[in-house]
2 protein chains.
Amino acid sequence: MLTKKELKEYCIDARENYLAHISIDCVVFGFHEGTMKVLVLQMKDEGEWYLPGGFVLKNEPIEMAANRILKERTGLDEIFLQQFHVFGHPDRSKEHFDMYKDMLPEKENWFTNRFLTIGYYALVDFCDVNPAPDQFSTSCAWCDLNNVPPLKLDHTLILKTALDTLRVHLNYQPIGYNLMPGEFTMPELQKLYETILDKKLDRRNFQRRMLGFGILKRSEQLRKGGAHKAPYLYSFDLENYRAALIEGFKGSW
Amino acid sequence: MLTKKELKEYCIDARENYLAHISIDCVVFGFHEGTMKVLVLQMKDEGEWYLPGGFVLKNEPIEMAANRILKERTGLDEIFLQQFHVFGHPDRSKEHFDMYKDMLPEKENWFTNRFLTIGYYALVDFCDVNPAPDQFSTSCAWCDLNNVPPLKLDHTLILKTALDTLRVHLNYQPIGYNLMPGEFTMPELQKLYETILDKKLDRRNFQRRMLGFGILKRSEQLRKGGAHKAPYLYSFDLENYRAALIEGFKGSW
């Protein structure tokens, strides 16, 4: 939590530079070799946890704001960020309201505003990330998805909605370009899907369906050196991959 | 367009009652017997077209605001409205800004604010709707989807995004409960999908896939009176239908 002096300075700056009533929260999923995590911040003093977020500059497109916030917290640039939902219940910022309301008069107090928050999710390789806390937090760290502490405000709901959306998106949108090496085997790709979905998939169905999406190229080379029959290597067909990101997979309806 | 006096009164009311910087726009798709339309408003004087929309009351949940706006324009209550995207480019309201900026000083002028708009879509039977214009418009009417005039602001983009999203949603979410009679044949349901997708579907694949979703109940009765073999009648299994609205269809990944 900020001191009264810090809060006052922050509010002057915020009212001058940011759009009122709107915030952005980012759910950053991290994947590496079969493990999924989510990026969380720990609040100064209270030690409570929340998702990385921020505000929109008065003249900034919202996608740029989301990218700027993500870059500040992770060091990552040009990551695919997916807008997934606006959370707009009038009581969602009540905890902030109560925390800050006695520290400054309402007219000067940015945090006694009602905020709608736009949720974005990203999926990155957590080894590429340098987590950096913001001015409200003491740490920014990866947390195992099945062991997330209770989050402030409605951030538990935001995280759950992001994960549900990501799992649904797997059905009509490609994923994995920034998570897989340039060439990979089908079981390696299947492992990514199984980790996100948190369940085992049938090997034959997975392969048939993935190939049907038309976003994979099979290499002429097989992977060498294993004890088993050498598996085929695949890479993403980036043209089809990018088209499917926008239009969804072909061959659905 | 409003007169200066009307604008002044509107702005006083708006600043007192609504959240700044946020609006809602509704894409209301109308379906009836194989025809798709979209609901548009025609602006006073200028005669230009735009989508029905409005603002969020200072203490109103956004889903309630969307429902209120939809009810005011259509007379319909409790319609399934799907939030689909926030449009947040800083220049998106520039046309309104230019139109109203000389009529009132900036501090009093609601329409020289930057607005982010939250897009919602609905799909209704257009025979159930009583279109009603708002105070900025002379008419509210159905327009054929393949013959929509250029819309104000970014409303053409909002309409296109809504239609793209609806078509993608067909792959993992049920549709049609408020559009089909209580009992219907498989070809009647297929017609709904074909109209939304604007393409023919294969009869066998459609039936196999629809039944696979587990949201249909087959009646013991066949439809009588036709010249052909009597077709099976189906109805929606509302429990599974509602679950699939929230969780997506089973049996995807």
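What rotation and what shift along its axis superpose chain B on chain A? In this predicted model, local features need pLDDT of at least 70 and side-chain atom pairs count only at pLDDT 80 or more, whereas totals for chains, interfaces and linings use all residues. Residues are numbered from 1 along each chain as its sequence is written, and chains are lettered from A and ligands numbered from 1 in the order in which they are written.

A rotation of 180° with 0.0 Å of shift along its axis brings chain B onto chain A, with an RMSD of 0.0 Å (least squares on the C-alpha atoms of residues with pLDDT of at least 70 in both copies). This is the relation of a two-fold axis. Both copies use the same surface, as 100% of the contact residues of chain B recur in chain A; residues are in contact if their C-beta atoms, placed from the backbone, lie within 7 Å.

In the interface, 28 residues of chain B contact 28 residues of chain A. On the chain B side, two or more residues each come from strands E1 (18-32), E5 (82-87) and E6 (116-125) and from helix H5 (DSSP runs numbered from the N terminus, helices being H or I of at least four residues and strands E of at least two). E1(B) gives the most, with four residues.

Helix H5 (residues 186-197) of chain B also packs against helix H6 (residues 203-212) of chain B, at an angle of about 95° and with the axes 11 Å apart (lines fitted to C-alpha atoms over the stretch in contact, with angles from 0 to 180 degrees between N-to-C directions). H5(B) is therefore roughly perpendicular to H6(B) (65 to 115 degrees). Met186(B), Leu189(B), Gln190(B) and Tyr193(B) of H5(B) meet Arg203(B), Phe206(B), Gln207(B) and Met210(B) of H6(B).

Notes:
Contact = placed C-beta atoms within 7 Å. Parallel < 35°, antiparallel > 145°, perpendicular 65-115°, else oblique.
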